[in-house]
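Trainee: I'm new to this one. Can you walk me through it?
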Amino acid sequence: MPDHRQSVTVVGMDAVIDESAWLTPGAGLRPFVSWGSGFRQAGVAPRRHRGLPSPELTLIITLDDPLVLAAHSDPRRGSASYETLVGGLHTTPALITHEGRQSGIQLGITPLGARALFGMPAGELVNWDGDAAQVVGGLAAELQDRVRAEGSWAERFAVIEEMLGKRAAGFDGRIRPEVAQAWRRLRDSRGTVPVSTLAAETGWSARYFGSQFRAETGLSPKAAARVFRFDFARRRLAQAATAGSGVRLADLAAEAGYYDQAHLAAEFRSMAGCSPTRWLAEEFRFFQARPADLGE
Amino acid sequence: MIGGMTQAPPPQVWPSFGAQDARGLIKFLVDAFGFEETVVYGDGDRVDHAELAWPLGGGVMLGSGPSNPGTFQAYVVCDDPDALFARAVENGAVVVSGLSDKDYGSRDFSVRDPEGNKWSFGTYRGHPR
């Protein structure tokens, strides 16, 4: 069952709506969808949100208003708005803006999920974000219609489970076991296993391993390790902020496997486009830790 | 100019690419460069497959699809995709999509070479001009 948080405050004439819910993917979808969340806000302050690099691809199905991407992770592309969106793995931030209203369902898709749900390796979508119809065709609009017709998060999530489950059955979602294993090792170690170790474990040459890994995921093993490490660091940071406990950046750097605090800060500039402190100040008010994070 | 009236030979290697706005891009390629539309299959904004011919010979294929700007691929006509697929994989090509029969009658696969360039192979020989 999804966790729900919902608040509706009526101030004068304008209702402030702020709902969110977490989708825990069922057994059928779990290899493909690592998490999902539903959100609906209205009457809140306009804001800008950084879509940070993470080890998951993104699928967003909007409900009431299209999603406005003010800046893609690929800076060559101009701003655009989308009813449904797919985003590939990336190592620079995308910028999402809204004018006080936003609503939709966001799913974190694994590389295996890219094969199973999108019918292509994650590598085909690296640094790309855009209209989900370009990736899944008519399913994008169909998902949105079905989700919009439901009245609760639980029902919307059930539609997602059903439709994506059907979709996954139609594709050959295999990844070479050596690459899948290297990805799991990076995930489980939060990006701290040396790339040379990963290559050695496959039994392949470093060069061959690198090209296989990159073609599948779109990221070099080293870039993937950076993304996993950064993902852990920023979630830890946010988690400490939400818990009100705070965290020393030097301690966080050590815990996340950075050489020192300066390296952590440099990585934030590169992947988030700002310092850790600025990111927290921008996002904190808004941030909701995933249930999985709270258990860590 | 010699041989200006002869029929250009059908291409067996086609530059190909995905487009965010396929209809807009087709119009550009025709207006700006002088490509000629051979076929455009699709519905509304969506283009499933298009072939544009170059007047002197050869052509390009494109369709709506996720594609980063500036990335070209190649589609290569082949007679025995199964054997070629085995050979490509044997030599380290990375599979993007395995062998499959398309509804337009082609048997296709696509792979990446060690530098990340994408190659698609199939039995479809292009629309007759």
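Mentor: One term to begin: buried means under 20% relative accessible area, exposed over 50%, and partly exposed in between (1.4 Å probe, protein chains only). This is a predicted model, where local features need pLDDT of at least 70 and side-chain atom pairs count only at pLDDT 80 or more, while totals for chains, interfaces and linings use all residues. Residues are numbered from 1 along each chain as its sequence is written, chains are lettered from A and ligands numbered from 1 in the order written, and side-chain values use heavy atoms, without hydrogens and water.

Trainee: Is Thr58(A) buried or exposed?
Mentor: Thr58(A) counts as buried because its relative accessibility is 17%. Thr58(A) belongs to strand E5 (residues 57-62) of chain A; strands are DSSP runs (E, at least two residues) and helices likewise (H or I, at least four), numbered from the N terminus.

Trainee: What does Thr58(A) touch?
Mentor: Leaving out residues up to four places away in sequence, its contacts (heavy atoms within 4.5 Å) include Leu85(A), Gln106(A) and Leu107(A).

Trainee: Which residues touch the most others in the largest nonpolar core?
Mentor: Leu107(A), Phe118(A) and Leu164(A), in a core of 70 residues. Such a core is a set of buried Ala, Val, Leu, Ile, Met, Phe, Trp, Tyr and Cys residues joined through side-chain atoms within 4.5 Å. Helix H8 (residues 221-243) of chain A gives the largest share, 10 residues.

Trainee: Why does this core lie between domain 1 and domain 2 of chain A?
Mentor: Because domain 1 (3-169) and domain 2 (177-296) both give residues to this core. The bounds come from an automatic or database domain assignment.
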